[in-house]
Amino acid sequence: MTDETRSAETLQFRAEVQQLLNILAHSLYTEREIFLRELISNASDALNRLQFEMLTNRDVLDPDLKLEIRVDFDDDAHTLTIADTGIGMTRDEIVENLGTIAHSGALAFLKQVGEAQQSGDLRVADIIGQFGVGFYSVFMVADEVSVTTRSYRPEAAAWRWISRGDNQFTLEPADKATRGTTVEIKLKEDAHDLASSWRLESIIKRHSNYVSFPIFVKDVQANQQAAPWRKPPKDVTPEEYDEFYRQLTFDLDAPLLHAHIVTDAPVDIRSILYVPAKLDRTALNLRSDHGLRLYSRKILIQEHNKDLLPEHLRFVEGVVDSEDLPLNISRETVQSSRVLRQIQKVLAGRVIKALRELADEKPEEYARFWQEHGIFIKQGVGMNPGDNAELLPLLRFPSTRSDSQPIALAEYAGRMIEGQTEIYYLLGNDLASAAGSPHLDPLRARGLEALLLTDPFDGYMVQGIREFEGKTLRNVDDPGLELPGEAKAAAEDAAAADTPQADFAEVLARVKLVLGDRVTEVRESKLLTDSPARLVSPDAGFERDMQRVRRLIEDDFKVPPKILELNRRHPLVRNLAAKMASEPASPLVDATIELLFENLLLLDGLHPNPAQMAPRIQMLLEAATR
Ligand code: ADP
Ligand code: MG
């Protein structure tokens, strides 16, 4: 049948289209507004194609007609129209595009819907545009749709396609003097609210703000058109970056940094990414979900895409636009995932680079970043040690030698002492108790620095850092700890005051007797100088470092018994030995041993119930004031 056959006719939709319409009619109410995105995206495509045609062909209908999209409504009649001055369709094209031809996109869409229904999370809105079936989403809001269209070909006549979204559609000749397509919608009863300027404008701003042709709602332009991410970075002012961030996130605080990414090879990417100043700005729940906005050719494809950045960068906000993303993913799954991987690599690399620059150029702002988002980087280190080359330089930790700002691993490495081959760290509950830990005692005496890891997650994170620039990380409560350098101070004068060997043996025995199973062993410390005792772990590194994490997440987790090491030169140990010799039955002896032990648990952040120390403290206080 040719374009010139001017008679009405009723045709059947293909079976898969019928099935698709059936699904759409029952889709989620909240998803319905995306029909407008789909119709506008078709209008924009039609305008693009016309523009392209006109590059080489001036013989088109109405060559001077403005390229634009007009949305109109009648709230009494409950109708909407979306009109464009694009390329239009001939009769054959209508039949081909909107109805009867076998439609691989529809089949692929149905397959995906089937899978999504199985897994229970069907989001038609996120996928429908990707299968070349977006037009049919209009039946989510329409009782009846008519498409009146006239092709750009000067000799072509106007036609109208009408359907109620059932199994069939009608084609009839139409009167339309000008080029383009007008879609007229009779709204379903539960969609009458769409016939309002405010509703239409806000849907357009949300989904189609950056379509490159003007979109008017009743003669008022609703879209912003110029997509900042498609401009050359030098043409975007700092204010524009901040303003765009606000529109995107509803966050009133300016972002900490942005990265504007423009690449043509190996993939086409136009992207602006932001690091928010605060993590917890979703308190108002304006944005329910993380993820980047994904555009293809300025049309929003997905609002929260989580595949474009690795999980540990999920604090990043922004948009990504790529012409290389195939719209029909079903046909090109393999290729599409390769493209996604390439995009992810470029984006992640740029975010990391921007963060490293921030650290170099604005350390104070980087410190703010670290405070807000550092936990994500730590998570990345713990979970994907493969990314360590990029992530380790971003880490910051308080240390025994840092004053106000936490330090980078490189800073630590840069001031290691002669002969030092390891990076020492201490796990603790908070900075105050960590700084008072007896484990630091021998390090201090040798001028060695230790990182203080007091975040509950740190025990997990350090598992991901086996080494940094060839230096192994070493927990200072390692029983086999050997330290470089020579211990100064305390040791010299105390040497004269060693607890005699025989007395010290008695102390070791008594301590083991009192503490029983709560310690695996009581022995002399080779390292301690200023502290009387410390607890070291007999377990392997992983078990030991995870104890704090497990204590937080497991209700009934009990810290496994440790080795107690005593400092033979310490006055407390010496006095204890003397007390045992003069008054072996004194209750003060056992009370001292108990409290010494509990103190160590406390300092290591492992005491299950500090309040239980009070009665013994009181007993010793009474003895001290007697
Ligand atoms: P897609 O846009 O992904 O191809 P749709 O279901 O949205 O899938 O549209 C199907 C086809 O219908 C389009 O490819 C296009 O050829 C035609 N079409 C839809 N709307 C218009 C329009 N406003 N102007 C011209 N052609 C259109
Ligand atoms: Mg479309």
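In this predicted model, glutamate 469 is found in the loop that joins strand 17 (467–468) to strand 18 (471–475).

Aspartate 62 sits in the loop between helix 2 and strand 2 (69–74). Its relative accessibility is 24%, so aspartate 62 is classed as partly exposed. The peptide bond from alanine 265 to proline 266, however, is cis, with omega near 0°. Proline 266 belongs to the loop between strand 10 (257–263) and strand 11 (269–275).

We can now turn to the ligand. The residues surrounding ligand 1 include Asn42, Ala46, Arg49, Met89, Phe135 and Thr181. Sorted by class, this shell holds 5 nonpolar, 5 polar and 2 charged residues. Helix 2 (residues 34–56) supplies the largest share of the shell, with 3 residues.

Several polar atoms meet the ligand. An N or O atom in the side chain of aspartate 84 is 2.9 Å from a nitrogen atom of ligand 1. An oxygen atom of ligand 1 lies 3.1 Å from a polar side-chain atom of asparagine 97, and glycine 134 places a backbone N or O atom 3.2 Å from an oxygen atom of ligand 1. Taken alone, ligand 1 exposes 530 Å², of which the protein buries 82%.

Note on methods
Residues numbered from 1 in each chain as written. Chains lettered and ligands numbered in written order. Predicted model: local features only at pLDDT ≥ 70, side-chain atom pairs only at ≥ 80, totals over all residues. Heavy atoms only, no water. Near = heavy atom within 4 Å. Polar contact = N/O pair within 3.5 Å; in protein donor to acceptor, adjacent residues only side chain to side chain. Areas by Shrake-Rupley, 256 points an atom, 1.4 Å probe, with all protein chains shown as cover. Helix = DSSP H or I, 4+ residues; strand = E, 2+ residues; numbered from the N terminus. Nonpolar A, V, L, I, M, F, W, Y, C, P; charged D, E, K, R; others polar. Buried < 20%, exposed > 50% of the residue type's maximum accessible area, 1.4 Å probe, protein only.
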